[in-house]
Each structure stands twice: as C-alpha cells, then as structure tokens.
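The structure is shown first, and the notes follow by topic.

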Amino acid sequence: MAYRYEAMIEQKKIWRTIYEYTKYSGFEYFTHGEAEDDIWLINRKKGIIKRVILKKETAQSTLFMVQKIMDHFNDIEDTVGHIINRFEIILVNQTNHFQDNMPNHIFIEQCNDESDLKRLFGHPYQKITGKNKDKAIKTYKKSVLNGNMIENAIRKFSPLTYLIMLLNVVIFILMSIVQHIHKVEMIIDKGGLTHFNFVHGDYYRIITSIFIHFDVQHLLYNMMTLFIFGKLVEYLYTRWQYLCIYFIGGIIGNLISLTFDNISISVGASGAICALIGALMSHLIFSGKFEKKFLIQTFIGILIFLIGSAIFENVNHYAHFGGLFGGLFIASMFFIYRYNKRYFYYMALGLVVILGLLIINIFSEREHHIYNEYAKQYLMEGKDSEGIEIIRKTIDRGYQNDETYVLYGLWKTKDEGLSSGLLVWLDALKKYPNSERLNFQLALAYRAMDDYPKAEKYIDKTITINKKEEYIKLKKEIQEFR
C-alpha cells in the first residue's frame with residue numbers, strides 16, 4: 001500500500017541541506033533543470049551522483065527518468081569524466097514506488113523527514129552545520145547553483161588547508177614564546193633550513209622550515225595565499241594527493257634551494273604553496289577545462305602572489321621555482337596514473353633520480369659556516385655575550401672548525417688579554433695544523449708581542465698554504481723589525 005506525503009520538508013530546509021551538503025561533504029553541484037527542481041550533485045572522487053527531485057513525480061514518470069538515465073549512462077560518464085559507481089534519484093516529499101534496486105547501479109530514495117535528510121545528506125561535519133546562521137532561500141539557491149569552480153572551491157569546507165594553517169599559526173606562537181623566554185633570536189635555532197645544518201645531519205629541517213616564518217607579516221601573507229590555493233587544490237584533488245603535493249613539493253623546493261644556495265637561511269610555507277600552484281597548472285593541462293573565467297581568476301591569483309612575494313626582502317626564488325616544479329610533476333603523476341601506469345612508474349623513477357642527484361650535489365657543495373658568520377657579526381657589533389654564546393654552542397654541537405677557534409681566541413684576547421687568545425690558537429693548531437687562518441693569526445699575535453722569530457715561523461707556514469699578497473706583506477714587515 002502506497003502512502004502520500006504532503007510537503008513534509010520545507011523548501012528552505014531542503015535547499016539549506018543541499019547547500020551545507022555541497023559545502024561540507026565531497027559532493028558538489030553538477031547541473032540542474034530549468035525550473036530549479038531537478039538538482040544534480042556529484043562526488044567525482046567516489047563516482048557517485050545524487051539527483052535531487054523537488055517536483056512531483058508519478059510512478060510512470062519516475063520509470064521514464066530511470067530509463068533515460070540507463071540509455072545515456074555512458075554519455076553521462078563521458079561528460080563527468082569519471083566512472084559512475086552509484087546513481088541515486090532522491091524524491092523529496094513523495095513516495096518511492098520502486099523499492100527494489102534498479103539496474104546499472106541506479107537507486108531510488110525517498111526523502112520525507114529529518115531522518116531521511118540525515119541518512120541521505122549526512123556528512124562528518126554535521127555538528128558544524130547546525131550552528132550556521134540561517135539565510136534566505138535565494139542565498140542558498142544562488143550558492144548551490146553556482147557553477148564557478150573557484151567560487152565553489154573557496155566556499156567548500158577544506159579541513160586539510162585549515163589544519164595546515166592552524167599548525168603554522170600555533171608553531172609561530174610557540175616559537176615567539178620560546179624566543180621571549182630563552183632569548184632565541186636566530187631563526188636558525190628555531191628550525192630554519194641551511195645548507196650547513198643539512199649536510200651535518202639535520203635532515204628534519206627540510207620539513208620544519210616549511211612551518212617557520214620570520215615575522216607576523218611573513219606568516220599572514222603566506223596564510224592568505226595558502227587559504228586561496230590550498231582550498232582550490234583540496235577541491236580538485238583527493239586529500240592524500242593534496243598532502244603529497246604540499247609536503248613533497250615543499251621538500252623538492254627546499255632541496256633545489258640547498259643545491260643553488262649554500263649561504264641563506266630558508267623558512268616559510270611559500271615553497272609548498274608554489275607546489276599547490278604547480279598542481280593547479282597540471283589540472284588545467286590534463287583536464288582540458290580552459291574556462292575563460294577560471295583562467296583569468298587563477299592568473300590574477302598567481303600574479304598577486306608573485307608581486308606580493310617581491311615585497312619581502314631576501315625572497316627564496318629557488319624554493320619557489322623548486323616547489324612549482326615539484327607540485328607540477330607530482331600532480332601530473334596522479335593524472336598519468338589514470339591513463340598509463342607504466343609511464344607513472346617511469347615518472348616515479350625519474351623523480352627518485354632527480355632527488356638523488358640533488359642530494360649528491362648538496363653534499364658536494366662547499367660548506368658555508370653559518371654559525372661562524374653569526375658569531376663574527378655579533379663580535380663586530382660589540383655584542384660579545386651573544387657572539388661567545390654562539391661560539392660555545394657551535395663547539396658543544398661539534399660544528400666547530402679552525403675559524404671558530406680564531407673567533408674564540410679573538411674574544412679571549414679582548415676579554416682576558418692576548419696571552420689567553422694565544423693559548424686558544426696554539427691548542428686549536430694541534431687539531432688543524434694546516435689551517436691558514438690559525439697560522440696567520442698566530443703570526444699576528446707573536447708580532448704584537450715582538451716575538452719576531454715565532455711570528456716569521458707562522459707566517460712562513462701560512463705562505464706555504466696560500467701565497468696571498470697580505471701574507472707576503474706581513475712577512476716583509478716582520479723581517480724589517482728583526
């Protein structure tokens with residue numbers, strides 16, 4: 001026996017439900033009928049279509065609808081660009097006359113009360129929707145029936161993007177607290193990426209540096225761009241693909257940065273954000289959807305990002321380019337996997353080779369001792385306490401070299417006298433007997449003490465290592481005073 005349902009769900013309620021469903025679930029608007037009473041929703045990642053019917057349908061018209069879907073099922077799949085695993089026809093405020101499943105994975109469902117709404121339009125973020133402020137039915141309709149990809153992506157609830165943004169903000173706050181309590185001024189001590197640290201075993205920095213920012217302006221700018229491009233990529237790709245693009249792309253950007261720049265300290269999410277831009281470019285290429293409005297809006301967004309990046313000093317263009325390449329390459333691999341798995345494995349092998357060559361090149365580059373540079377800068381500025389703290393940390397961590405001891409001896413000389421500095425340099429020379437810096441420093445020290453025979457001994461050793469004009473000039477001065 002059939003039952004008749006009379007408008008048990010208000011129009012505004014169903015439109016709000018569809019709006020929230022497209023915002024918080026994996027479903028999005030696909031198309032609709034002219035009278036706005038036949039709305040198609042699609043989950044491309046799962047291959048599911050929900051066709052919501054708001055107009056009254058008889059058993060005959062419903063059967064005709066099913067037959068039409070069956071006749072054009074292949075055409076629908078071609079239009080969607082994905083295999084359709086399930087096709088649901090949802091009859092709102094009316095009876096389902098066909099209780100049995102239909103062929104070709106077609107199912108007919110009836111939606112007549114709150115329990116049906118939860119069953120058919122339930123999603124993991126149901127509690128959030130209940131707290132949303134009510135809007136006019138026109139607002140819900142306009143949002144649901146909007147076919148603009150970028151606007152839909154921005155409206156979409158994007159948990160991964162929000163989570164990454166939250167992590168960046170929380171880490172920045174914690175770093176600021178640590179800096180205030182422990183007076184940590186150097187960004188390198190907060191986890192920044194340098195060539196020196198990486199080749200000395202701090203491999204974790206290629207990831208931690210992605211979550212570290214110089215200041216509030218740097219953080220806000222990167223989070224603004226992450227909000228835009230992150231939501232777009234999370235909308236277009238699956239969540240695990242999004243994570244691969246963001247993190248692997250960011251790592252590739254950092255490795256390329258280390259390959260071409262062994263001096264700078266690299267921090268910030270911009271390399272990973274450029275990987276998201278690369279993924280957008282890959283989507284445009286492989287999807288073939290060169291819609292004018294989408295292209296213009298995407299181009300403007302990228303242009304604003306590039307112009308905005310130029311405002312900041314010491315922009316790491318190597319990380320930006322590397323991230324862009326990494327995101328484009330990885331996203332392209334996902335598309336290639338659908339069409340030809342053999343080429344996908346070729347690309348994966350190529351990526352491993354590229355990463356291997358980058359790492360080999362990084363370790364073959366000459367070290368730039370970033371800690372000595374900081375210590376020298378502090379000592380020259382008269383900040384002796386900061387300078388000696390860095391020197392001591394450098395020695396404790398095993399990062400010291402001959403220049404470290406030269407600087408240590410200079411501080412000792414200034415603080416305690418030349419004899420103390422001399423002891424530091426003589427002791428260090430036992431570890432680094434062929435050090436050009438130490439031998440030269442000892443020559444200067446002994447000349448200052450009027451011990452010219454020893455001064456000449458060390459300057460001769462220095463000249464055998466490097467015949468610089470400065471060293472030869474010092475030898476002549478020593479010989480004149482002997």
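This is a predicted model: local features need pLDDT of at least 70, side-chain atom pairs count only at pLDDT 80 or more; totals for chains, interfaces and linings use all residues.

H12 passes H15 in a right-handed crossing.

**H12 against H15**

- The axes of H12 and helix H15 (residues 317–339) are 7 Å apart, and the two helices pack at an angle of about 140 degrees.
- H12 is therefore oblique to H15, since only angles over 145 degrees count as roughly antiparallel.
- On the H12 side, the contact consists of Trp240, Gln241, Cys244, Ile245, Ile248, Gly249, Ile252, Gly253, Ile256, Ser257 and Phe260.
- These meet Tyr318, Ala319, Gly322, Gly323, Phe325, Gly326, Gly327, Ile330, Ala331 and Phe334 in H15.
- Sorted by class, the contact of H12 with H15 has 13 nonpolar and eight polar residues, and no charged ones.

**H12 against H13**

- Helix H12 (residues 239–260) also packs with helix H13 (residues 270–287), at an angle of about 130 degrees and with the axes 7 Å apart.
- H12 and H13 are therefore oblique to each other.
- The crossing of H12 past H13 is right-handed.
- H12 contributes Tyr242, Ile245, Tyr246, Gly249 and Gly250 to this contact, while H13 contributes Gly271, Ala272, Ile273, Ala275, Leu276 and Ala279.
- By class, the contact of H12 with H13 holds eight nonpolar residues, three polar residues and no charged residues.

**H18 against H19**

- Helix H18 (residues 384–396) and helix H19 (residues 402–416) have axes that come within 10 Å and cross at roughly 140 degrees.
- This angle makes H18 oblique to H19.
- H18 passes H19 in a left-handed crossing.
- Asp384, Ile388, Ile391, Arg392, Thr394 and Ile395 of H18 meet Thr404, Tyr405, Leu407, Tyr408, Trp411 and Lys414 of H19.
- The contact of H18 with H19 divides into seven nonpolar, two polar and three charged residues.

**The sheet**

- Five strands form an open sheet in the order E1-E2-E3-E4-E5, and their pairing is mixed.
- Strand E1 (28–32) and strand E5 (106–111) stand at the edges with a single partner strand each, so one side of each has no neighbour in the sheet.
- Neighbouring strands of this sheet are turned against each other by 25 degrees on average, direction ignored.
- Strand E2 (residues 38–43) and strand E3 (residues 48–53) run antiparallel and are joined by six bridges.
- Ile42 stands opposite Ile49 in E3.

**Aromatic pairs**

- The structure holds 29 aromatic pairs.
- One of them is formed by Tyr125 and Phe157, whose ring centres are 4.6 Å apart and whose planes lie at 65 degrees, so the pair is edge-to-face.
- The pair links distant parts of the chain, with its two residues 32 residues apart.
- Tyr125 is in the loop between helix H4 (114–121) and helix H5 (126–129), and Phe157 is in the loop between helix H7 (149–155) and helix H8 (159–182).

Note on methods:
Residues are numbered from 1 along each chain as its sequence is written. Side-chain values use heavy atoms; hydrogens and water are left out. Axes are lines fitted to C-alpha atoms, for helices over the stretch in contact, and angles run from 0 to 180 degrees between N-to-C directions. Helices (H or I, at least four residues) and strands (E, at least two) are DSSP runs, numbered from the N terminus. Angles under 35 degrees count as roughly parallel, over 145 as roughly antiparallel, 65 to 115 as roughly perpendicular and the rest as oblique. A crossing is left-handed if the near helix is turned anticlockwise from the far one by less than a right angle, and right-handed if clockwise. Contact means heavy atoms within 4.5 Å. Ala, Val, Leu, Ile, Met, Phe, Trp, Tyr, Cys and Pro count as nonpolar, Asp, Glu, Lys and Arg as charged, and the others, Gly among them, as polar. Two strands pair if DSSP finds at least two bridges between them. Rings of Phe, Tyr and Trp (its six-membered ring) pair if their centres lie within 6.5 Å; planes under 30 degrees apart count as stacked, over 60 as edge-to-face and the rest as tilted.
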